2 protein chains.
Amino acid sequence: MKFQTVKGMKDWYPEDRATFNWMANTFRQQAVKYGFLEVESPAIESLSLLSEKEGEEIKQQIFTFEKKGSEQLGLRFDLTVPMARMFIAKQKELPKPVKWFNIGRMWRYEAPQKGRLREFYQFGVEIFGSDKPEADAQIISLIIDSFQALGLTSKDFYVKINNRNLLQGILDGLGIGNISEVMTVIDKVAKISEEEFVAELEKLKLTQAQIKKLDSILKTKELKQLKDLNELARQGQWELQSVFEALQDNQAFVQFDLTVARGLAYYTGTVFEVYDREGKYRALAGGGRYDNMIQLFGSEPCAATGFGIGFATLGLLLEEKMLIPAPDIGVDYYVAPIKDDPKVMALANTIAVQLRKTNRVDVDLMRRSLPKQFDYANKIKAKKVIVVGENEVKTGVVTIKNLEDGKEEKKKIKEL
Amino acid sequence: MKFQTVKGMKDWYPEDRATFNWMANTFRQQAVKYGFLEVESPAIESLSLLSEKEGEEIKQQIFTFEKKGSEQLGLRFDLTVPMARMFIAKQKELPKPVKWFNIGRMWRYEAPQKGRLREFYQFGVEIFGSDKPEADAQIISLIIDSFQALGLTSKDFYVKINNRNLLQGILDGLGIGNISEVMTVIDKVAKISEEEFVAELEKLKLTQAQIKKLDSILKTKELKQLKDLNELARQGQWELQSVFEALQDNQAFVQFDLTVARGLAYYTGTVFEVYDREGKYRALAGGGRYDNMIQLFGSEPCAATGFGIGFATLGLLLEEKMLIPAPDIGVDYYVAPIKDDPKVMALANTIAVQLRKTNRVDVDLMRRSLPKQFDYANKIKAKKVIVVGENEVKTGVVTIKNLEDGKEEKKKIKEL
């Protein structure tokens, strides 16, 4: 083949696109139920915006453009950054809280040989303007509702919830200094062995006593079991407690987990990740509070919380659980003119136009023989075929053949 | 403002996005009615694919990426090229004709000071595998149906149809050699004066006799008036005649126009453009037959026809004609807890969850006073407000206030 799909990118053929639309429409319906409004941002942003939040290292992962003028531009790699920019542009006039969602495409540069996706879709949700735990609880509820609307149950997935103030307070309390590096290690704890975990912390110069205490605290299952916390940790504990209270109707889906740190430096309060129960896949969704970003982007401080659900990983779980509906991509009628005659073709066309008012209708575009037309009608999953010839022109009556059960029915064309 | 939208790009705030979704869903419904299936391709393609069809000059207009490995990549600038690539990848297995549509985003590099859009959406439709005029007629019907479904009538728009074989045959017949340059001038005839037209043709070394004859022929209003045609022109005339016959139910929308040439070199047969009747805007849509592209892309020859409708220009016409529906982006209920009390907040939440089964429901996330909550409810266009306090917790009865007419109604919470 002379031309190929770019590595790490995917072509969306009809079956795949139907599944995508099913997921996207489900997300859209659920978000709208909660009063979120749909927005979209350009694919292209200034490189200075894209790299502001996560610093220089993210530039490696951005698809950047060749400069044709003075502009330094790149493709967005998440939805939170552009949504924050859009919020700031109207921050003064918009009633707070602002509740937005976006179903959009984004890109991350990866070397092609890795075989990882370089173009992907997310359902992104943000609330700007509320610093209350109810806001965090609401977006977690929205995730749970969305997953349930797709057919998943509490047996299939759960939400691990933590709080960065709580975790940071605990690390402070243990006298640990290089908190963001340690949080990155904590984030990996589920993926690495106990020995590797200890080794990584040793590399970060934690003492054996610190490691032992940290290891023990991270295994705490109940938020209330955490005692003797410093002020920052107590603040985090209170926030988290409030989130759990607001989620009491969804108890079966949520779980306190101190190891959820969300490596990226910008999270400030509640953080969460969604996983399949069997732990087969990477996180299905993730998010949390980022109260400092709006200020970092040069505007008036404003609390914010949000999440992103990736379509790709969730799609794998839905497929495994056989929850993806068979795509309904056939037509209801196929109209088959059997003669290359103006009157016959005109009648076939008239019938198609008439039926299209309430049906999906295909009609021959190849001037093929009847057997070939039936073959095509079967391949495109037509439910019924109407054959049109000179006789039908004369009588005004057609035979409708049902391809599913083979039955035939005669009808006046006017009554179709 | 520290960060801005990149010039030539647009942020889609909720009202705009609602309009976009209305247009996209209308296109989707109409395409599905005709048996077209939805597909999507990556935003990013190899530069060799993108520049294959239109040659080096198009590279100026492509957003190209900085090379991180050996790949030369760019953003797609239309939908036909990626769809042709996708078709070729499954050309052998797919039943012909293949009928696809795509509602997608694309990009064209323009210097920012021009103020033209650099990111835009199109509704793209392609039929691969049929060389028959019925295929061209079908996609023109789909455009007409789509425009009508958006509320436009034959008083608002029309489709100018021509045929490249007819035009080329006529130019051949006049002894004109540099056909593609001359076609580019013909394409501009509606936009330039008679004098400019003559001057441009003189520059291309046409004789006065050729110019005079051409000018007269281009004004032909009826296809049948064209006489003494050579074989190529007669072939085009027959194709065009067949297209018009297949479109006889849509006579009010279509018009023969020899000046529609579609500058791009790849069109082969029927070509068409859609314009507003008053001639205020650029083409609302355009397309035609491109029977050579699949072969040019290195595959087995395959006939193809298609079109693209741009959202931006069409949006201007719809706005002018006041056809864009008011976006329904409010909520049905706003639930207002009036006390920062766990029981009150829990009840407010329970009510919101219950109502969300069939409604769009927002609930306070700010712990604000009641007047501030009403102010917010009004601003987000809530239809009804339910106030929840200790009394409601005790009685299980709430008052529903209709913000549109001010009326109040009491209801048991269970019966909401």
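Predicted model: local features only at pLDDT ≥ 70, side-chain atom pairs only at ≥ 80, totals over all residues.

Chain B has an open, mixed sheet of five strands in the order β12-β11-β13-β14-β15. Its edges are β12 (361–363) and β15 (408–412) of chain B, and because each pairs with a single strand, one side of each is left without a neighbour in the sheet. From one strand to the next the twist averages 25°.

At one end of the order, β14 (residues 397–402) of chain B and β15(B) form an antiparallel pair over five bridges. B:T399 is placed opposite B:K410 of β15(B). Helix α13 (residues 342–355) of chain B lies across β11 (333–337), β12 and β13 (384–388) of chain B, and its direction is at about 170° to β11(B).

## Domains and the contact between chains

Chain A is assigned two domains, domain 1 (14–320) and domain 2 (333–415). Taken over C-alpha atoms, the centres of domain 1 and domain 2 of chain A are 53 Å apart.

How many residues does each chain bring to the contact? Chain A and chain B each contribute 71 residues. On the side of chain B that touches chain A, 38 residues are nonpolar, ten are polar and 23 are charged.

## The nonpolar core

In soluble globular proteins, nonpolar side chains tend to be buried together. The largest nonpolar core of the model has 232 residues. The residues with the most contacts inside this core are A:I143, A:V159, A:V335, B:I143, B:V159 and B:V335.

For B:I143, leaving aside neighbours within four places in sequence, the contacts are B:V159, B:V274, B:A285, B:F307 and B:I309.

## Buried strands

Strand β8 (residues 270–276) of chain A is mostly covered, with seven of its seven residues buried. In a regular strand the side chains alternate between the two faces of the sheet. From β8(A), A:T270, A:F272, A:V274 and A:D276 point one way, while A:V271, A:E273 and A:Y275 point the other way, and all are buried. Strand β6 (residues 157–163) of chain A runs antiparallel to β8(A) and is joined to it by seven bridges, with A:V159 and A:V274 as bridge partners. β8(A) also pairs with β9 (residues 285–289) of chain A, in the antiparallel sense and over four bridges; in this pairing A:V274 is opposite A:A285.

In chain B, six of the seven residues of β6 (residues 157–163) are buried, so this strand is largely enclosed by the rest of the structure. β6(B) runs antiparallel to β8 (residues 270–276) of chain B, with seven bridges between them, and B:I161 has B:F272 as its bridge partner. β6(B) is also joined to β7 (residues 254–256) of chain B, here in parallel and by three bridges. B:K160 sits opposite B:Q255 of β7(B).

## Backbone features in loops

In chain B, a cis peptide bond with omega about 0° joins B:K96 and B:P97; B:P97 is in the loop between α4 (80–89) and β4 (98–107) of chain B.

B:D228, although not a glycine, has a positive phi of about 50°. B:D228 is in the loop between α9 (208–218) and α10 (231–246) of chain B and counts as exposed, having 7 C-beta neighbours inside 10 Å. B:K381 is not a glycine either, and its phi is positive at about 60°. B:K381 lies in the loop between α14 (370–379) and β13 of chain B and is partly exposed, with 14 other C-beta atoms within 10 Å.

Definitions and conventions:
Residues numbered from 1 in each chain as written. Chains lettered and ligands numbered in written order. Pairing = 2+ DSSP bridges. Helix = DSSP H or I, 4+ residues; strand = E, 2+ residues; numbered from the N terminus. Axes fitted to C-alpha atoms, helices over the stretch in contact; angles between N-to-C directions. Contact = placed C-beta atoms within 7 Å. Nonpolar A, V, L, I, M, F, W, Y, C, P; charged D, E, K, R; others polar. Domains from an automatic or database assignment. Core = buried A, V, L, I, M, F, W, Y, C linked by C-beta atoms within 7 Å. Buried ≥ 20, exposed ≤ 12 C-beta atoms within 10 Å, placed from the backbone.
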